[in-house]
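Look at the fold first, then at the spaces it leaves open.

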Amino acid sequence: MEFEHLVQEHYQGLYRFALSLAQREADAADLTQQTFLRWATRGFQLRDRSKAKTWLFTTLYREFLTGSRRAVRFPHVELSDAEPELPAVQDRTMEEMDGQSALDALGQLDETYRAPLTLFYLQQHSYQEIAEILNVPIGTVMSRLSRGKAQLRQKLTSVREDTDSPASPKVIPFAEPPRANRHG
């Protein structure tokens with residue numbers, strides 16, 4: 001009941017404060033919601049309940065600053081605007097690569113690298129979750145992911161080169177039908 005009372009008492013003031021900071025209604029609503037979420041998860045730590053209003057406004061302001069810093073570090077860019085800066089994708093690699101060959105190459109990696117790669121890319125675990133699952137420091141997870149990706153890339157490149165060799169059959173891209181040779 002205390003939480004509901006707190007929301008009723010301070011929501012409008014917090015929202016107005018958030019709107020003055022964010023300048024957008026959606027962002028102000030998000031900031032206000034995030035502030036009450038913080039209260040729900042950490043408000044019990046406040047010893048003097050008479051300072052709840054101050055705590056809420058301070059928390060909202062800190063959430064705004066965190067979001068602003070994140071926006072500076074990772075600005076939102078429309079994909080169409082960033083297209084010239086994106087690296088070119090090798091069409092042939094995309095055409096010839098299939099999921100099974102990637103899984104086969106992953107299966108050839110040492111368990112030290114295969115486990116973090118599988119947890120991160122196939123199971124969508126965070127670095128922290130992987131560190132807990134594997135019982136290793138988060139820095140170790142990051143380095144194993146980096147080294148594992150390099151090894152996986154090398155294996156996939158060698159598989160592609162082996163496929164291109166004259167001894168093995170030529171892989172025909174799925175999207176493009178085979179062309180007849182024209183002489184003359």
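Helices (H or I, at least four residues) and strands (E, at least two) are DSSP runs, numbered from the N terminus. On that basis the pattern along the sequence is α-α-α-α-α-α-α-α-α. The protein has nine helices and zero strands. This is a predicted model, where local features need pLDDT of at least 70, side-chain atom pairs count only at pLDDT 80 or more, and totals for chains, interfaces and linings use all residues. Residues are numbered from 1 along each chain as its sequence is written, and side-chain values use heavy atoms, with hydrogens and water left out.

Of the 184 residues, 21% count as buried, meaning under 20% relative accessible area with a 1.4 Å probe, protein chains only.

Now the pockets. A pocket is an open set of points on a 1 Å grid over the protein atoms alone, where a 1.4 Å probe fits, with protein on both sides within 12 Å along at least five of seven lines; lining residues have an atom within 4 Å of a point. Volume is the space filled by probe spheres set on the points, which are joined across faces, edges and corners.

The largest pocket holds about 340 Å³. Its lining has 16 residues, and Leu31, Glu63, Gly67, Ser68 and Arg70 sit closest to the centre. Helix 3 (52–73) and helix 2 (25–42) each give at least two lining residues. Helix 3 has the largest share, with eight.

The second largest pocket has about 220 Å³. Helix 6 (99–108), helix 7 (111–122) and helix 9 (138–164) each supply at least two residues of its lining. Among them are Leu103, Tyr121 and Arg153.

Conventions: Buried < 20%, exposed > 50% of the residue type's maximum accessible area, 1.4 Å probe, protein only.
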